[in-house]
Amino acid sequence: MHSDLVVDSRVDDPPLDGVALTGGDCSKADAICVAHLAALGARRSGGGSLRVDGTSVDIGWRDGSGRALDEVTAQAAYGLMAVHGRPTGGPVRLGVDYVSTVAGVMAAQGVLAAALAGLRGPRPTAVSVSVAGTALLAVSQYLAAGSVHDGEETGEVAGPGVPPPFVSADGVVFEVETLDPEPWRRWWTALGADAREVARGWRAFVLRYATATAPLPPTLHEITRRSTFADLCAAAQAAGVAVQEVRGLAQRRRDAGPDGRFGVPWQITATVPAGPLPPLPSGGLPLQGLRVVEAGRRVQGPLAGHVLRLLGAEVVRVEPAGGDPLRGMPPMVGDCSARFLALNRGKRIVEVDLRSAAGRATVRDLVDTADVFLHNWAPGKAAELGLDSGDFVDRNPGLVYAYASGWGDARGADAPPGTDFIAQAYVGLGEQLRPVGQPPAGSLMTLLDVLGGLVCAEGVLAGLVARQRNRHGQYVQTSLLSAAGVLQSPLPSARPAWGRWDLPVSAVDGHVMIAAGSDRAAVEAALGDPAALTVAEAVARLTAVGVTAVRVCPEPGELPDDPAAAGLIEVDGCAFVRPPWRFNA
C-alpha cells in the first residue's frame, strides 16, 4: 500500500545490515517503520505481518477502550486537533498524517531497542507500539499542563488577537523569530508600533511555544501590511530579528527527489574502534545499564533524552547554573513546571556554567563515562566549548555523539534560527496543514520539535546498534528539516480538499470526528442534523450503522479521565504518558 519512503541512505556500516525484514504493508505507520529499517540495512522480502529478524512487530491502532482508530480519529481523540485549533477557538484537523508518522518512527525505535537488547542479552520475541500512546506523547507537554488543577496561572495570554504569520504590503506571507525581547522591541519601534502593543505582543509571541496560542495585537499585523517585504526584512536585519518567507509546496518540491520524496532523516558515521557495550541486566529494559548525557534545550533535545529514558537508559541532564529557566513556566507541580516535567521527569540534573573552564571540564568528565552524548545547541557552540564530537574520540572512543539541529547541513550561515515555526514556514507545511480556500499557515503546536526529538532518539538507537555490532563509536546528526522530510514524504500534488464530514462535526456539547473513508450516505442518514444531538448520541447513531466515530477531545488536560486513554497515562501531580512500547521475552 505504502512503500519506498526513502530515496537515499547516509549511514556508514548500516547497523541492520543483513537483518531479515518481512511484511509491513498495512498502513503509513508500517511503511515509515519499514522504510527506516531498510535504510539502516535490513533486507525486505515478502508480505504479511511485520517481522524483523524473527521478532514480531505490532503497530496497534486500538484505543484504551479497544476501539479501532485511524489517523483522523486518533488526532481527534488524543487532543491534537484541540491543540492545533487553539488559535481559532475550536478543534482543527491537521492536513498531514502526523499520528501515523510519529507512530512509524516510534515503532522503528522499538525495533532498534529490541535489536540492541539482543546484542547485549536476550532478544525480545515481540515488540508492540500503541499508536494512541505515541499520539499522547506528541501532546505530552499540553497534557501535563492541562492536568494541573491547583489554580495557578497557566502562563497563557488572555484576550483577543491574531497569531502569526504576517503579511507585507506586497503580499508576502512570512514568519519572524527572536528569542530576546530587545530585538523584538527595536523592530516594531522602527516600524512605528505603539510601545504598549509591542510589549503585549512580546508576551504572546514568546509564550506561543508553550501554549500553542499567540494572540498578537491586530495593530501589529496592520503595521506589516504597510511596508514591502524588502523594507520589513531590512528593518528586521537592523534590529536582529530573523525573517522567513512562508514557502509553498511548489518551492518545497525543489528540495525533494524526482518523486517528491526526501532522504533518510539521520546521518550516522562511524568514528574509531571501540569495545562492546555492557551486558543487559537480567529482566531490564533494552537500554538498562547505559548512560546518556543530554544537554538539551526547549523540546527537541529534551524529548530525545526522555525517549531514551523511557527505554531504560540513565539520563544525566546538563543545565545552566541555577537550573533551566523553563523550570519556572506555569503551571507548577511543586517547585517545577508541569510542561518541563513532561520531558524531563526522572533525569539526574547536573548544573554547570559552560562559560567557565570548570563547567566545561565537568561536562567532559560526565561524557567520558557515558555511552551517549546528545545536544541541540546552536550551530558552532559545541566546537566553541571544546565539546564537539572530535573532542571525545580519544577520551571515549565508543561514544555515540548525537547532534540535533534545526537545518543540518542544508542551509548556510546566514539562515534564520532553525526553530519549529521558522522550519514549518521554510518547508511549506502551511499549505499541507490547511485545506484549499484557507490561507497557508503553520501550526502553533510544536510539530517539528516533537518529531525532531523522536527522529534524534531513533538515530541514537541506530547508532547504539551500530556501535555494538561494528565495534566503533558513532556520530549521529539529525535536524528539524530532516524530520519534516519524514512527515512530508511524498509531497502531495495539491492541498487538502475536505467536505463536511471530513472535519470535526459540531454537536450540542462538543464535536465528533468520523473515520476517513466512511460511507457518506450512511453518515448523513444516521446524523440528520448533528447540531441537535449530543456527542454521545451522535457517536451511538454512527456506531449503530457501522461507522467509526469518536468524541473530539476539547483539551488534552481532560484525557486522564477519558476511557480512550485508559492505561496510557499515569498521574503524579500532573499527567504523564506511559511508554508506548511493550517488549515480550
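A disulfide is a pair of cysteine sulfur atoms within 2.5 Å. The views below come from a predicted model, in which local features need pLDDT of at least 70 and side-chain atom pairs count only at pLDDT 80 or more, while totals for chains, interfaces and linings use all residues. Residues are numbered from 1 along each chain as its sequence is written, and side-chain values use heavy atoms, with hydrogens and water left out.

**View 1. Cysteines without a disulfide.** By the 2.5 Å rule, the count of disulfides is zero. The sulfur of Cys33 is 12 Å from the closest cysteine sulfur, in Cys26, which is too far for a bond. Cys336 is in no disulfide either, and the nearest cysteine sulfur, in Cys574, is 9.0 Å away. Buried means under 20% relative accessible area, exposed over 50%, and partly exposed in between (1.4 Å probe, protein chains only). Cys33 is buried at 0%, and Cys336 counts as buried at 6%.

**View 2. Leu37 in the largest nonpolar core.** A nonpolar core is a set of buried Ala, Val, Leu, Ile, Met, Phe, Trp, Tyr and Cys residues joined through side-chain atoms within 4.5 Å. The largest one has 119 residues, and Leu37, Tyr78 and Tyr98 touch the most other members. Contact means heavy atoms within 4.5 Å. Leaving out residues up to four places away in sequence, Leu37 touches Leu16, Leu21, Ala42, Val52, Ala108, Val111 and Leu112. Apart from this core lies another, of 22 residues, including Phe174 and Phe229.

View 3. Strands (E, at least two residues) and helices (H or I, at least four) are DSSP runs, numbered from the N terminus. Two strands pair if DSSP finds at least two bridges between them. Strand 3 (residues 51–52) and strand 4 (residues 55–60) run antiparallel and are joined by two bridges, with Val52 opposite Thr55. These two strands form a hairpin with two residues between them. Asp53, in the loop between strand 3 and strand 4, has a phi near 50°, a positive value in a residue other than glycine. Most residues other than glycine have a negative phi. Asp53 is partly exposed, at 44% relative accessible area.

View 4. The order is 6-7-8, with antiparallel pairing. Strand 6 (166–167) and strand 8 (242–245) stand at the edges with a single partner strand each, so one side of each has no neighbour in the sheet. Two bridges pair strand 6 with strand 7 (residues 173–177), and the partner of Val167 is Val173. The peptide bond from Pro164 to Pro165 is cis, with omega near 10°, and Pro165 is found in the loop between helix 6 (140–146) and strand 6.

**View 5. Helix 4 against helix 5.** Axes are lines fitted to C-alpha atoms, for helices over the stretch in contact, and angles run from 0 to 180 degrees between N-to-C directions. The axes of helix 4 (residues 98–120) and helix 5 (residues 131–138) come within 9 Å and cross at roughly 105°. Angles under 35 degrees count as roughly parallel, over 145 as roughly antiparallel, 65 to 115 as roughly perpendicular and the rest as oblique. Helix 4 and helix 5 are therefore roughly perpendicular to each other. Among the residues in contact are Tyr98 and Met106 of helix 4 and Val131 and Leu137 of helix 5.
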